Amino acid sequence: MFDFFLLVFLALFSGLFPCAEPLTVSDKDEDAILCDIGEFHCRDGKTCVPEAWLCDGEPDCPDDSDESDAICTHQVVVRCPLNHIQCIGTKKCIHFNKLCNGARDCEDGFDEGVHCRELLSACHELRCRYGCVMTRNGTFCFCADGFEVGEDGTSCRDHDECATYGACSQTCRNTYGSYSCSCTEGYVLQPDRISCRARQDPGDSRPVLLIGGSDRIVITNLNGTGLQPLRSLSVNGSLTLDFQHNQGSVCWVLSTKSSGQLYCAEMRNLRGFTKEHEIRTQQSLQYVDNMAIDWLTGNRYFIDRVTDKIFACNQAGDTCVTVLHLDLQNPKGIALDPLMGMLFFTDYGNVAKVARCNMDGTNRTQLVDYRIELPTAVALDVVRKLVYWADAYLDYIDVVDYDGKNRHSIVHGSKVSYVYALSVFEDHLYATRSDPSKGSSSVELIRIHRFNITAESEMLATLGNSKQLRVYHKLSQPKVRGHACDTDSRGKPGGCSHICLLSGSYKSRTCRCPTGYSLGPDGQSCKKPKKDLFLFYGKGRPGIIRGLDMNIKSSDEHMEPIEDLVNPRAIDYHAELGHIYFADTTSFLIGRQKLDGSGRETILKDELDNVEGISVDWIGNNLYWTNDGYRKTISIARLDRASQTRKTLLEGNMSHPRAIVVDPPNSWMYWTDWEEDEVNDSIGRIEKAWMDGSNRRIFVTSNMLWPNGLTLDHSTSTMYWCDAYYDHIEQIYLNGTGRMVVYNGKELNHPFGISHYRNYIFWTEYMNASVFQLELSTGDVTPLRSERPPLFGLRVYDAQSQQGELISMCSAFIIE
């Protein structure tokens with residue numbers, strides 16, 4: 001037993017590793033264990049976990065002691081300078097020269113001990129070019145300050161101090177054995193020869209913090225004092241704000257349960273607002289969570305928390321375009337660098353990430369996707385090209401460069417438990433935060449030194465419910481002499497007829513068009529196309545119907561997305577009326593909406609058990625649909641009085657009626673019928689009947705189980721369908737001949753929707769959530785879009801395809 005206590009004593013007090021409390025062993029604690037070096041001993045006395053797991057936001061000990069306040073508030077992560085070592089458990093770093101020098105420089109004597117005598121011979125054997133370090137863990141060589149050990153472990157070479165985060169506030173120049181710091185225009189190098197401070201010229205306004213909440217907009221000094229109200233508000237909702245310093249303006253969005261308004265006003269000598277006015281935008285701002293202003297062009301970027309998209313509006317607000325909407329599930333933070341033409345954002349969907357793209361939405365790049373759970377605020381150092389973000393689950397603020405490299409931890413722990421907003425100025429980060437998990441709803445304003453992480457963060461003020469934060473100063477928004485979106489002689493930004501977005505640089509731009517318009521050959525003008533031609537498809541989780549240009553390089557938006565759906569599995573259109581029709585199987589309804597987003601309405605909602613297919617008769621203005629409920633039916637209704645005119649045409653003798661397509665010029669309708677019996681592949685089939693339900697007959701059967709989508713090529717009298725069991729696409733002529741497999745490549749893995757245009761077939765993949773294009777003449781397959789699953793029906797919106805006249809009025813079915 002004596003030997004056991006001796007081991008415990010040596011482990012805890014020899015300085016080999018840090019500890020929180022000594023372990024007491026008694027006869028009752030027979031299961032208690034000792035932990036190895038580099039492990040943390042949980043308070044239960046029975047569990048050891050790696051020290052790297054301490055305070056990472058994930059409890060690893062059975063008693064959660066690795067995440068307790070007693071441990072995490074004292075956890076120290078220190079980056080010591082070159083040729084220095086950390087005194088364990090403290091923020092103190094000592095030079096290698098102070099190791100084994102006979103004087104205790106670390107409080108616990110970590111720098112001294114018997115190893116200093118025992119390792120002398122090992123040091124001599126290393127034959128170090130400059131000096132040898134003796135620690136309790138062994139020996140190694142080191143070099144003079146400004147130099148580092150070479151690859152051979154003994155020689156010395158120049159050390160690039162500029163590669164070290166925080167060596168200089170701004171510009172760093174490496175020299176042999178040393179380095180020097182300098183500052184960009186507008187900043188002054190401080191006596192420490194490292195830090196840069198904003199130069200205060202005569203007439204310049206001082207830097208202030210611009211803070212906003214649902215009840216007020218205020219400013220304070222950078223130290224949190226001198227709080228001055230700018231605007232009182234009384235809104236039961238949320239507020240987001242930003243500013244454009246070269247215009248002296250501040251803009252904010254007030255979002256409530258029923259609406260969202262954008263207001264802008266001029267800042268009057270940091271004392272209040274004047275010329276306040278509302279800007280009405282083309283798109284709704286009701287669900288806007290965050291905004292950022294491109295201070296060069298005046299364009300405003302918004303995050304919509306319901307539709308999960310980022311969109312931009314020009315300064316007048318009369319043109320808005322979607323910038324990002326794919327692979328976004330919970331976008332939260334947004335920041336712009338117009339000089340680089342880049343947009344940065346956080347998203348905590350299924351895959352939490354920090355990402356960037358050009359400000360027109362192109363060239364999307366993921367910067368951070370590991371050790372990240374709930375990224376919220378994001379802020380930029382536009383001088384050094386650094387991205388800072390906060391994680392509200394793991395409780396940290398980290399930084400990477402614009403390429404996602406050189407990641408460093410700035411601060412970690414309960415003091416940054418939930419950060420709402422971040423802003424960067426000079427050497428500091430400013431943040432608003434609270435700790436909802438502890439029942440505290442009050443927001444605190446804190447300041448963090450972003451280079452000296454041994455400095456304690458400062459709590460500057462309590463802000464009530466004010467969460468939004470910006471540093472209002474001209475240097476927060478650097479100017480350029482000219483940019484690609486400057487107005488031309490005709491008063492057009494960048495020569496664009498509607499909106500000009502910077503892209504990849506302030507010298508490069510993209511012209512974009514509002515929904516329903518296409519960009520002309522000149523790349524500047526927007527025109528209403530003579531005929532609408534595009535793809536549209538349904539998607540679940542969340543339910544939405546989106547348009548897609550057939551040209552993968554085009555950013556034209558042909559239709560406003562149809563949102564607030566659950567499972568829009570069946571879709572079709574009526575070109576003359578400009579309506580998109582959809583069936584939401586989970587919501588048990590059939591509805592429609594115009595291409596411009598207006599006219600949203602539910603036309604049918606009763607006795608719709610499981611509508612998997614709909615088809616519009618554009619000549620008779622009727623709607624046909626399948627219902628895979630307990631009755632198994634095919635029904636019809638007038639488009640304009642659907643609920644009053646609905647009628648069942650066929651019932652029974654179907655297993656699972658799915659897709660349906662009508663051929664009004666020839667008065668036929670076709671539908672697919674799934675069969676789940678995999679033994680008998682002759683039961684799945686395609687049937688047809690006249691459009692009044694008479695003359696029903698089987699059209700295609702055998703070698704068919706799960707026929708999904710249907711589409712007709714009227715020019716060649718050909719039908720195409722996809723089978724989700726056999727994973728192939730087939731065709732047959734409408735006279736019943738020429739059945740053949742068109743494509744069965746590796747891309748097919750549960751195809752769902754299918755559509756046809758000229759020499760192309762388009763289809764959606766249900767689980768892979770992709771849209772593909774097949775060129776019939778060559779067999780070439782092109783992926784057009786990838787989303788998160790599932791994807792449903794697909795149609796080509798082609799107004800010219802909905803033409804023709806009835807061959808015989810006797811064969812038509814007209815509902816009165």
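Q: How many bridges join strand E13 (residues 208-212) to strand E14 (residues 216-221)?

A: Two strands pair if DSSP finds at least two bridges between them. Strands (E, at least two residues) and helices (H or I, at least four) are DSSP runs, numbered from the N terminus. Here five bridges join E13 to E14, and the two run antiparallel. Within this pairing, Val 208 has Asn 221 of E14 as its bridge partner.

Q: What should I know about the model itself?

A: The model is predicted: local features need pLDDT of at least 70 and side-chain atom pairs count only at pLDDT 80 or more, while totals for chains, interfaces and linings use all residues. Residues are numbered from 1 along each chain as its sequence is written, and side-chain values use heavy atoms, with hydrogens and water left out.

Q: In what order do the four strands of the open sheet lie?

A: The order is E15-E14-E13-E36, with antiparallel pairing. Strand E15 (228-232) and strand E36 (468-472) are the edges, each pairing on one side only. From one strand to the next, the twist averages 20°. Axes for such angles are lines fitted to C-alpha atoms, for helices over the stretch in contact, and angles run from 0 to 180 degrees between N-to-C directions.

Q: Which domains does the assignment give?

A: Domain bounds come from an automatic or database domain assignment. It gives domain 1 (39-73), domain 2 (84-159), domain 3 (163-198), domain 4 (208-476) and domain 5 (533-798). Taken over C-alpha atoms, the centres of domain 3 and domain 5 are 63 Å apart.

Q: How many salt bridges does the structure hold?

A: Side chains of opposite charge can pair when their charged atoms come close. The rule is a side-chain nitrogen of Lys or Arg within 4 Å of a carboxyl oxygen of Asp or Glu. The structure holds 35 salt bridges. One network of them links Asp 673, Arg 685, Glu 687 and Arg 696.

Q: Which residue forms a salt bridge with Asp 327?

A: The partner is Arg 788, with the closest N and O atoms 3.0 Å apart. Asp 327 lies in the loop between strand E23 (320-324) and E24, and Arg 788 in the loop between strand E63 (781-786) and strand E64 (791-798), so the pair ties together parts that are 461 residues apart in sequence.

Q: Are Glu 747 and Lys 746 buried or exposed?

A: Buried means under 20% relative accessible area, exposed over 50%, and partly exposed in between (1.4 Å probe, protein chains only). Glu 747 has 17%, so it is buried. Lys 746 has 75% relative accessibility, so it counts as exposed. Their side chains meet in a salt bridge (3.6 Å, N to O).

Q: How many disulfides does the count come to?

A: A disulfide is a pair of cysteine sulfur atoms within 2.5 Å. The count comes to 15. Among them, Cys 183 and Cys 196 have sulfur atoms 2.0 Å apart. The torsion about their S-S bond is about -90°, so this disulfide is left-handed. Cys 183 sits in the loop between strand E10 (178-182) and strand E11 (187-189), and Cys 196 in strand E12 (residues 196-198), 13 residues apart.

Q: Is the link of Cys 251 and Cys 264 left-handed or right-handed?

A: The S-S angle is 110°, and the link is right-handed. Cys 251 lies in strand E17 (residues 249-255) and Cys 264 in strand E18 (residues 260-267). Both cysteines are buried. Cys 357, in contrast, is in no disulfide; the nearest cysteine sulfur, that of Cys 485, is 15 Å away. Cys 357 is buried, at 0% relative accessible area.
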